[in-house]
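Take a look at the chain below.

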Amino acid sequence: MRRALFAALGAATVLVTPMHASAQRDTIRYGELLSQAVSADPRQRQLRLQEAATELRLRNIAADRLPSLALDGQAQYQSAVTTIPIAVPGISIPTPPHDTYDAHLGAEAPLLDPTFASRREVERARLAESQAQVRTTLFALRQEVTDAFFTAAGLQERMSETDAAIAELSARLREMVVRFREGAALRGDTAAIAATLDERRQDRLALAADRGAALARLALLTGRPIAGDAVLVAPATAALAVETSRGLDSVRSRPEFEQFAATRQRLEEQTRLATA
């Protein structure tokens, strides 16, 4: 029995590795992850592509006001032409040529286009609506990063607490082993502490697995490698309180409302275009 207790004591001492014992670990901040997730998302490039496509359509609309030129030509050859079968002395009656050529250049310019301004405004409204849709999807991405970050940060704190509990139980187990060896403690007391220590070790392994899954999710969202021993630094409580109050005071600032307003503006511009 004593050998079993000494083995448990040695295993507990070796496996107690507090999170603060590691050196030179990466420090990852919440704001940095949000920026990196938005930059790494391929949908971010849609904003620039949509702007470029709208710029081309606006140029095409502007080109409609420029005059257009059209060149047309025609050539004909007739094997037989009409002649006058009369010979007049002293007079030469010309014979029509067998080939004829015709060419002309035409120019057209619009004098009035009541739909010009409306078409431009419709294109701008469509751009605002499509970009609002992209921002809505990116906002959902920010929420995913937030959930994964604070899940990993919470598990990080629980792991620290578990490490402290393991360290305390290890110290108590060493003390109890000494007391048992001196006959001042019962065998069951030492075994109970060893069993509790083993439970805390199992809890820590489960917490580490859950935290690893949250970090893997963050790495996938941000496109950057995140080590398993990385330290997550959450924003200060005061900053979170300010952001929460801002969110409660300005609910209309959410991208869903921006998308709704852009869609309504696009419909209004299309109505003006139909009227024009």
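This is a predicted model: local features need pLDDT of at least 70, side-chain atom pairs count only at pLDDT 80 or more; totals for chains, interfaces and linings use all residues.

Residues are numbered from 1 along each chain as its sequence is written, and side-chain values use heavy atoms, leaving out hydrogens and water.

Helices here are DSSP runs (H or I, at least four residues), numbered from the N terminus. Start with α3 (residues 45-63) and α4. Their axes, lines fitted to C-alpha atoms over the stretch in contact, come within 10 Å and cross at roughly 175°. So α3 runs roughly antiparallel to α4 (an angle over 145 degrees, between N-to-C directions that can span 0 to 180). Contact means heavy atoms within 4.5 Å. From α3, the contact residues include Q46, L47 and R57; from α4, they include F116, R119 and V134. The contact residues divide into seven nonpolar, five polar and six charged (Ala, Val, Leu, Ile, Met, Phe, Trp, Tyr, Cys and Pro are nonpolar; Asp, Glu, Lys and Arg are charged; the others, Gly among them, are polar).

Now move along α4 (residues 116-181) to L173. L173 is buried, at 0% relative accessible area (buried means under 20%, with a 1.4 Å probe and protein chains only). Its C-alpha lies 6.1 Å from that of I193, 20 residues apart along the chain.

I193 is one of the buried residues of α5. Others among them are A194, R204 and L218. Helix α5 (residues 187-222) has 36 residues. It reaches 53 Å from first C-alpha to last, close to the 52 Å expected (1.5 Å times one less than the number of residues). Just after α5, G223 takes a positive phi of about 70°.

Key
Helices (H or I, at least four residues) and strands (E, at least two) are DSSP runs, numbered from the N terminus. Buried means under 20% relative accessible area, exposed over 50%, partly exposed in between (1.4 Å probe, protein chains only). Angles under 35 degrees count as roughly parallel, over 145 as roughly antiparallel, 65 to 115 as roughly perpendicular and the rest as oblique.
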